[in-house]
Amino acid sequence: MTYTQLAVLGVVAVAVLDLAVLRTRLLRRRVFWTSYAIVVFFQLVTNGVLTGLRIVRYDGDAIVGSSTPVDAAPPFLGDGRIAFAPFEDLLFGFALVLLTQCLWVWLGRRGVQRTPYAGPPRVRMPGQRR
Amino acid sequence: MSRFAYVAVLVFVLVGTGWLEVLLRARVYARWRRLLMTLVPVVAVFCLWDLYAIASGHWTFDVERTLGVVFPGGLPLDEVLFFVVVPIASLLTLEAVRSVKRWEVGDEAPGECVDGVRVDGVRVSDGDAS
């Protein structure tokens, strides 16, 4: 299988785990999408470093875009890439984050260190409730 | 210095999220047994994915810019640590958002919490899907 196919499969598998198997239903919660929005921004930054500096290099046969060039940085945007990284990395990251949070919530629901609960913040944050 | 290029990204992620545990009381490290039980399957699944990708030639690593410790199958130690550091960062983000926004996550004890935080008998309604 190509990376593209595996990445789509990974997202679908973890989504099924969240919605139907463990029924943590994070995909239906604001808390998940808000935290994911923060995570994906930093993923683009850190993964941009790893792929832009070619610490990780990709084969064009496995992704939608072309191979990482031997002697230059890959395109910042375009040719299937976003912030130097193949867009497939966004799916990979999404599956990694959702699987982690899904297992964490499932364990908590089953009583594994449900407490101490998070909060309240020690500092005032923008958008803080009450 | 280049040996530390990959690991520098990991340190950036750890430092960049560490304050959430203290200042926003995310309490992810405080629940370290639950964290370990979450990490074991996540690291296992994603290391297997990585080993398959390396074996299939989906991607390669510039070992000159990793710590130089490579597991059988061509998996650098840095990459394994990535699957520890990024999940921790994603959980700190999830719990920090819960701490600030008080949104339900799904692991709250029945009747003990509303919107993901302990309450004193008063039910506060929230539009969150559950």
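**After the helix**

Just after α3(A), A:G111 takes a positive phi of about 95°. Helices (H or I, at least four residues) and strands (E, at least two) are DSSP runs, numbered from the N terminus. This is a predicted model: local features need pLDDT of at least 70, side-chain atom pairs count only at pLDDT 80 or more, and totals for chains, interfaces and linings use all residues. Residues are numbered from 1 along each chain as its sequence is written, while chains are lettered from A and ligands numbered from 1 in the order in which they are written.

**Helix α3 of chain A**

- Of the 22 residues of α3(A), 18 are buried, so the helix is largely enclosed by the rest of the structure. A residue is buried if 20 or more other C-beta atoms lie within 10 Å of its own, exposed if 12 or fewer, and partly exposed in between; C-beta atoms are placed from the backbone.
- The end C-alpha atoms of α3(A) are 31 Å apart, which agrees with the 32 Å that 22 residues should span at 1.5 Å a residue. The expected span is 1.5 Å times one less than the number of residues.

**Nonpolar core**

- The largest nonpolar core has 55 residues, and A:L99, A:C102 and B:L92 have the most contacts inside it. Such a core is a set of buried Ala, Val, Leu, Ile, Met, Phe, Trp, Tyr and Cys residues joined through C-beta atoms within 7 Å.
- Both chains build this core: α1 (3-21), α2 (30-52), β1 (56-58) and α3 (88-109) of chain A, and α1 (5-23), α2 (32-56), β1 (59-61) and α3 (77-101) of chain B, each supply at least two residues.
- α3(A) gives the largest share of the core, 12 residues.
- Beyond its neighbours within four places in sequence, A:L99 is in contact with A:V14, B:V42 and B:V45. Contact means that the C-beta atoms of two residues, placed from the backbone, lie within 7 Å.

**Where the chains meet**

- On chain B, 53 residues are in contact with 49 residues of chain A.
- α1, α2, β1, α3 and β5 (117-118) of chain B each supply at least two residues of the side that touches chain A.
- The largest share of that side, 12 residues, comes from α3(B).
- By class, that side has 29 nonpolar, 9 polar and 15 charged residues. Ala, Val, Leu, Ile, Met, Phe, Trp, Tyr, Cys and Pro count as nonpolar, Asp, Glu, Lys and Arg as charged, and the others, Gly among them, as polar.
- β1(A) and β1(B) pair in the antiparallel sense over 3 bridges. Strands pair if DSSP finds at least two bridges between them.
- A:V56 stands opposite B:F61 in β1(B).

**Sheet in chain A**

- Chain A has an open sheet of 3 strands in the order β2-β3-β4, with antiparallel pairing.
- Its edge strands are β2 (77-78) and β4 (85-86), each pairing on one side only.
- A:L77 has A:I82 in β3(A) as its bridge partner.

**Chain B and confidence**

- Chain B has 3 helices and 5 strands, in the pattern α-α-β-β-β-α-β-β along the sequence.
- Buried residues make up 42% of its 130 residues.
- The model scores ipTM 0.97 and pTM 0.92.
- Mean pLDDT of chain B is 89, and 85% of its residues reach 70 or more. pLDDT is the predictor's confidence in each residue, from 0 to 100.
- Over residues 120-130 of chain B, pLDDT stays under 50. Where pLDDT is low, the predicted coordinates should not be read in detail.
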